[in-house]
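Please keep the sequence and the model in view while working through the numbered points.

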Amino acid sequence: MPGGSLDHLREQLAELERAGTALRPRVLEGQQRARARFDGRDVINLASNNYLGLAAHPRLKEAASKAAAELGAGSGAVRTIAGTMTLHRELERRFATFKGAEDALMFQSGFTANSGTVAAILTREDVIVSDELNHASIIDGARLSRAEIKVFPHRDVDAADRLLEESRADGRHQLLITDGVFSMDGDIAPLPGLVEVAERHEAIMMIDDAHASGVLGKNGKGTVDHFGLTGRVDIQVGTLSKAIGVMGGFIAGPRHLIQWLVNRGRPFLFSTSAPPAVTAACIAALDVMEEEPERFDRLWERTRFFKDGLHRMGFDTGTSETPITPVMTREEVKAVELSSLLWEEGVFCPAIVFPTVGRDRARVRTIVTADHTEEDLSEALEAFERVGKELALI
Ligand SMILES: *Cc1c(COP(=O)(O)O)cnc(C)c1O
């Protein structure tokens, strides 16, 4: 049999199976909505990042169909050769305004926006100071840059300060980087403190607002707006794949940064640009966010309702302050059990275990969206209560 040299993968997979942590993605049959059908089962969907319910919004679908009909299915080239379309530039201008930045650049995903940007702005002479819970795409970008990587304990401003102090040297650039909202815990970066520290050390300040764009700040402008720090963060990353409901990533910042990324951002240079349907749907999403601000209010109202319910029952929801609410079990087997019993009850929220979180930090993660009704959430809470008692979590 060919492929004998891959036998080690077979052994490692068997190990994951034994540990019960092998991933088997559920299959969505239909649209991404608050109630959806996965693997042949109708469930209350607490698993998506579709915060504002835009993924299946009629305006976005219409914009996508129209753009595909008029402009084609694909862009046909990378951005720097022949693949920059009017729609890309229009979306970039809109996103720059949305983020209060001079200019913006679209990438194929939030992942490539992060990894491509961090890798492009630092060299091996430089240093990156990074929160221990920052996203994998930041970690990959840091490695690609070959800069020295220094990790500070989660949300610890004083530790970040000390790391910047000790690695400060003439001609050495320092990048202080944090997620805005942390994807597994739902807590918010201590941005005012970090910005102050970055300014004091003349470090570049970068924030990854993947889970904060469309969620925090006025009309979803993000963490910078939430804390009133407009103009004091050099680089803002956004994704078009979560609250915006489509796909793609964004860098917003000063014009010379954007021009540099056009020249040196490897995913921008070497990977084909987004198709017209995707780009047009993103523009429509920004329109909807401006015209239907009640979506933000609804998102936060429903979030409070669901969190209050979990707290009343006595669940441990960690340090969450946003629509991402983990329900902590700590033990991995318990998280897997909680998720699968909830699934049996018609509630979909995934178990999150090592290596996504620390070994004793297992949980199921829930995300409420603006499209969940109070009935959806009440029904989900009743299931949590039954299963939580069964597993002696409450
Ligand atoms: C999801 C996520 C990304 C990646 O965004 P995609 O558009 O899905 O590639 C980057 N950073 C953080 C913090 C994320 O949660």
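1. H57 is located in the loop that connects β2 (41-45) with α2 (58-71). The structure is a predicted model, and the remarks in this note should be read with that in mind. Is H57 buried or exposed? The relative accessible area of H57 is 8%, and buried means under 20%, so H57 counts as buried. The side chain of H57 also reaches the backbone nitrogen of R59, at 3.0 Å.

2. The next point concerns the ligand. Its surroundings comprise 15 residues, and the closest are G110, D208, T239, S241 and K242.

3. Individual distances show how oxygen atoms of the ligand are placed relative to the protein. At G110, a polar backbone atom is 2.8 Å from an oxygen atom of the ligand. At T239, a polar side-chain atom lies 2.6 Å from an oxygen atom of the ligand. For S241, the distance from a polar side-chain atom to an oxygen atom of the ligand is 2.6 Å. On its own, the ligand has 380 Å² of accessible area, and the protein covers 85% of it.

4. Which residues of α14 are buried? They are D376, L377, A380, L381, A383, F384, V387 and G388. Because these residues cover an arc of only 165° around the axis, they lie on the same side of α14. E375, K389 and E390, on the other side of α14, are exposed. Just after α14, A392 takes a positive phi of about 60°.

5. G248 lies in the loop between β8 (235-239) and β9 (249-253). Its relative accessibility is 0%, so G248 counts as buried. How many residues separate G248 and Q108 in sequence? The separation is 140 residues, while their C-alpha atoms are 4.6 Å apart in space.

6. L257 belongs to helix α9 (residues 255-264). With a relative accessible area of 9%, L257 is buried. The C-alpha atoms of L257 and A104 are separated by 9.1 Å, and the two residues are 153 residues apart along the chain.

7. L16 is part of helix α1 (residues 7-19). The relative accessible area of L16 is 38%, so L16 is classed as partly exposed. L16 and G318 are 302 residues apart in sequence, and the distance between their C-alpha atoms is 27 Å.

Methods:
Residues numbered from 1 in each chain as written. Predicted model: local features only at pLDDT ≥ 70, side-chain atom pairs only at ≥ 80, totals over all residues. Heavy atoms only, no water. Near = heavy atom within 4 Å. Polar contact = N/O pair within 3.5 Å; in protein donor to acceptor, adjacent residues only side chain to side chain. Areas by Shrake-Rupley, 256 points an atom, 1.4 Å probe, with all protein chains shown as cover. Buried < 20%, exposed > 50% of the residue type's maximum accessible area, 1.4 Å probe, protein only. Helix = DSSP H or I, 4+ residues; strand = E, 2+ residues; numbered from the N terminus. Arc of directions from axis to C-beta.
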